[in-house]
Amino acid sequence: MGQELKEKVAIVTGGAGGIGRATAELFVAEGASVVVADIDVESGEAFTADLGDPARFKQTDVSRAGDMQALVDYAVEQFGGLDIMFNNAGISGAQHPRFLDDDLSDFQQVVGINLYGTMVGSQLAGKYMSQHGGGVIINNASIAGILPGQALVSYRMTKAAVIHFTKCIAIDLAEYGIRVNCLAPGHIRTPLTAFTIPGMDEEQMTRVREALAPVWDSNQPLKRHGKPEDVAQTVLFLSSDRSAQITGTVLPIDGGITAGDPVNHLQELFDARARALDT
Ligand code: NAD
């Protein structure tokens with residue numbers, strides 16, 4: 001590994017699991033000091049203990065502004081500054097396949113974590129960075145915020161809002177030397193996409209992931225399973241000076257899903273015509 005983030009200080013929210021975890025690992029490998037923020041204290045503490053001295057854990061609920069202020073203060077106190085804020089924590093909410101079955105009881109929670117948490121994290125990091133020479137903010141949205149579709153309506157709405165929010169504040173914060181960008185991952189294998197249910201162990205999750213893979217792949221041109229590390233590499237790019245001229249973008253990491261429909265409709269039409277003439 002190189003030292004692309006040497007002497008940089010980063011916060012990764014939702015850093016105890018999935019995409020956040022892979023990113024915190026890569027950041028440390030690239031020379032950064034990292035505060036992992038999560039509500040999952042057990043996993044977060046074990047993970048940062050493994051990462052060693054460049055990492056700290058801070059128990060944080062991103063939907064609470066007080067927790068987020070304490071998080072930014074903690075990063076500055078522990079490592080002397082804040083250069084990179086990765087607002088990654090997010091939840092899908094209850095998984096009703098149809099809107100009419102959704103009682104909307106978790107709407108406030110989904111908005112609180114996915115949208116409000118991202119806004120507060122961006123604002124508090126932005127305030128610090130604006131007074132200390134700039135920085136980088138990266139928000140984790142989703143292709144669900146680009147492509148309308150059935151189910152997970154609250155989730156899709158918050159992710160669409162995160163994309164719009166990112167573009168707005170990229171303009172607002174540019175004068176302070178703060179770049180703000182946004183990710184739109186597609187199907188990435190994490191607990192979130194294994195439809196984890198309480199009590200499911202790792203072996204069960206692996207079996208479920210295998211069963212779900214062909215379904216996830218059906219609308220993805222690249223028949224390759226997205227990994228947390230794929231997203232982490234993109235966060236590294238957007239955090240480093242390699243992306244010095246990039247702000248206000250949304251970058252899909254989706255195996256081509258948002259490029260368009262992978263079904264060859266012309267071929268299907270030819271096949272249908274051939275079948276019709278055969279009978
Ligand atoms: P994950 O469930 O594996 O990890 C999410 C982490 O966030 C967990 O460690 C969890 O404890 C933490 N968290 C949950 N609520 C929190 C809160 N209130 N405060 C702080 N931490 C909290 O999920 P993931 O797949 O790694 O997803 C990370 C982000 O990527 C989310 O914003 C998600 O919407 C987005 N995303 C994921 C995918 C995917 O396919 N996995 C696709 C698109 C977008």
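A polar contact is a pair of N or O atoms within 3.5 Å. The model examined here is predicted. In this model, a nitrogen atom of the ligand lies 3.0 Å from an N or O atom in the side chain of Asp-61. Ile-19 contributes through its backbone instead, where a polar atom is 2.8 Å from a ligand oxygen. Taken alone, the ligand exposes 830 Å². The protein buries 92% of that area. Two elements each give two or more residues to the shell around the ligand: helix 1 (18–29) and helix 5 (153–173).

The shell was then examined by residue. In total, 29 residues surround the ligand. The closest are Asp-38, Asn-88, Tyr-155, Ile-188 and Thr-190. By class, the shell holds 13 nonpolar, 12 polar and four charged residues.

Two packed helices are described by the angle between their axes and the distance between the axes. Helix 3 (residues 65–79) packs against helix 4 (residues 107–130) at an angle of about 35°. Their axes are 10 Å apart. The crossing of the two helices is right-handed. Helix 3 makes the contact with Ala-65, Met-68, Gln-69, Val-72 and Val-76. Helix 4 supplies Tyr-116, Gly-117, Val-120, Gly-121, Leu-124, Ala-125 and Tyr-128. This contact between helix 3 and helix 4 comprises nine nonpolar and three polar residues, with no charged ones.

Notes
Residues numbered from 1 in each chain as written. Predicted model: local features only at pLDDT ≥ 70, side-chain atom pairs only at ≥ 80, totals over all residues. Heavy atoms only, no water. Near = heavy atom within 4 Å. Polar contact = N/O pair within 3.5 Å; in protein donor to acceptor, adjacent residues only side chain to side chain. Areas by Shrake-Rupley, 256 points an atom, 1.4 Å probe, with all protein chains shown as cover. Helix = DSSP H or I, 4+ residues; strand = E, 2+ residues; numbered from the N terminus. Nonpolar A, V, L, I, M, F, W, Y, C, P; charged D, E, K, R; others polar. Axes fitted to C-alpha atoms, helices over the stretch in contact; angles between N-to-C directions. Left-handed = near helix turned anticlockwise from the far one by under 90°. Contact = heavy atoms within 4.5 Å.
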